[in-house]
Amino acid sequence: METIAQESAMQTQDRPLSPTSLPLRRAQVSRKTGETHVQVSLNLDGTGLCRAQTGIPFLDHMLHQIASHGLIDLEVEAEGDTHIDDHHTNEDVGITLGMALHEALGNRQGITRFGHFLAPLDEALVQVALDFSGRPHLSYGLEIPTQRVGQYDTQLVREFFVAVVNHSQMTLHLRQLDGINSHHIIEASFKAFARALRMAVEVDPRRSQRIPSSKGVL
Ligand SMILES: [Mn+2]
């Protein structure tokens, strides 16, 4: 058995690592049910390009926040039963995005794993902490004062994050520290989520060949 110093020296030999020595962190997921058909493709090492056509304009606006501030290239197309309401399509976009994140991260080797951010948007202030722990958990602390933003039912924000968390196997805490305007509160939440996501999926150069868990598995 090697000493810690020997082990440390061996691991140091792995360096320097270029990002190209890591697997491509991309995913394409298509999910079809009796209610919706959602297609997501993403590249975690992107530049923030986004094309979102979900049939729910406000959700498209929020997906742009995730891509732009998360530096993720993201394409989302959805056809759903929005003639009933936006519920199924909103949830299934969250599910499919969560699946794509899970697939793109693979065994989660090399990632920073934890991420946090505090995003202001005018009077709104939202804090996000997340962990790609492998254990889905959502702690939802938003109090959105109106039932709708435009046509979008603000109850669907929670449904979206529940779906993302469950299918990406992420622990997510969302805290609203301030805010009056519903649009601002929701958008600050997505911006904080995007930046926290960016931090969490970023490769840790000191641990790029290992899974960031003392258990060795995430
Ligand atoms: Mn906006």
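Which residues of strand β4 (residues 73-80) make up its covered face, and which its uncovered one? The notes below take up this strand and then the rest of the chain.

1. Basis. This is a predicted model, in which local features need pLDDT of at least 70 and side-chain atom pairs count only at pLDDT 80 or more, while totals for chains, interfaces and linings use all residues. Residue numbers start from 1 along each chain as its sequence is written.

2. Overall content. Five helices and ten strands are found in the chain; helices (H or I, at least four residues) and strands (E, at least two) are DSSP runs numbered from the N terminus. Of the 218 residues in the chain, 38% are buried, meaning that 20 or more other C-beta atoms lie within 10 Å of the residue's own, with exposed for 12 or fewer and partly exposed in between, and C-beta atoms placed from the backbone. Among contacts with a separation of 6 or more, 78% join residues 24 or more positions apart; a contact requires C-beta atoms, placed from the backbone, within 7 Å.

3. Strand β4. The covered face consists of Leu74, Val76, Ala78 and Gly80, and the uncovered face of Asp73, Glu75, Glu77 and Glu79. In a regular strand, side chains alternate between the two faces of the sheet.

4. Partners of β4. Strand β2 (residues 36-43) runs antiparallel to β4 and is joined to it by eight bridges; strands count as paired if DSSP finds at least two bridges between them. Glutamine 39 lies opposite glutamate 77 of β4. Strand β3 (residues 50-53) pairs with β4 in the parallel sense over four bridges, and arginine 51 has glutamate 75 of β4 as its bridge partner.

5. The four-stranded sheet. An open sheet with mixed pairing has the strand order β5-β6-β10-β7. The edges are β5 (114-121) and β7 (137-141); each has a single partner strand, so one side of each lacks a neighbour in the sheet. Direction ignored, neighbouring strands are turned by 10° against each other on average. Strand β6 (residues 124-131) and strand β10 (residues 171-178) form an antiparallel pair over seven bridges, with aspartate 131 opposite threonine 171 of β10.

6. Helices on that sheet. Helix α4 packs on the sheet, touching β7 and β10, and its direction makes about 160° with that of β7. Helix α5 (residues 182-201) also packs on the sheet, touching β5, β6 and β10, at about 150° to the direction of β5. Axes are lines fitted to C-alpha atoms, for helices over the stretch in contact, and angles run from 0 to 180 degrees between N-to-C directions.

7. Helix α3 against α4. The axes of α3 (residues 87-105) and α4 (residues 156-168) come within 7 Å and cross at roughly 30°. α3 is therefore roughly parallel to α4, a label for angles under 35 degrees, with over 145 roughly antiparallel, 65 to 115 roughly perpendicular and the rest oblique. Residues in the contact include His87, Ile95 and Met99 of α3 and Phe160, Val164 and His167 of α4.

8. Leucine 197. This residue is in helix α5 and counts as buried because it has 26 C-beta neighbours inside 10 Å. Not counting residues up to four places away in sequence, leucine 197 touches Gly70, Gly115 and Leu130. Its C-alpha atom is separated by 7.8 Å from that of histidine 116, 81 residues apart along the chain.

Methods
Contact = placed C-beta atoms within 7 Å.
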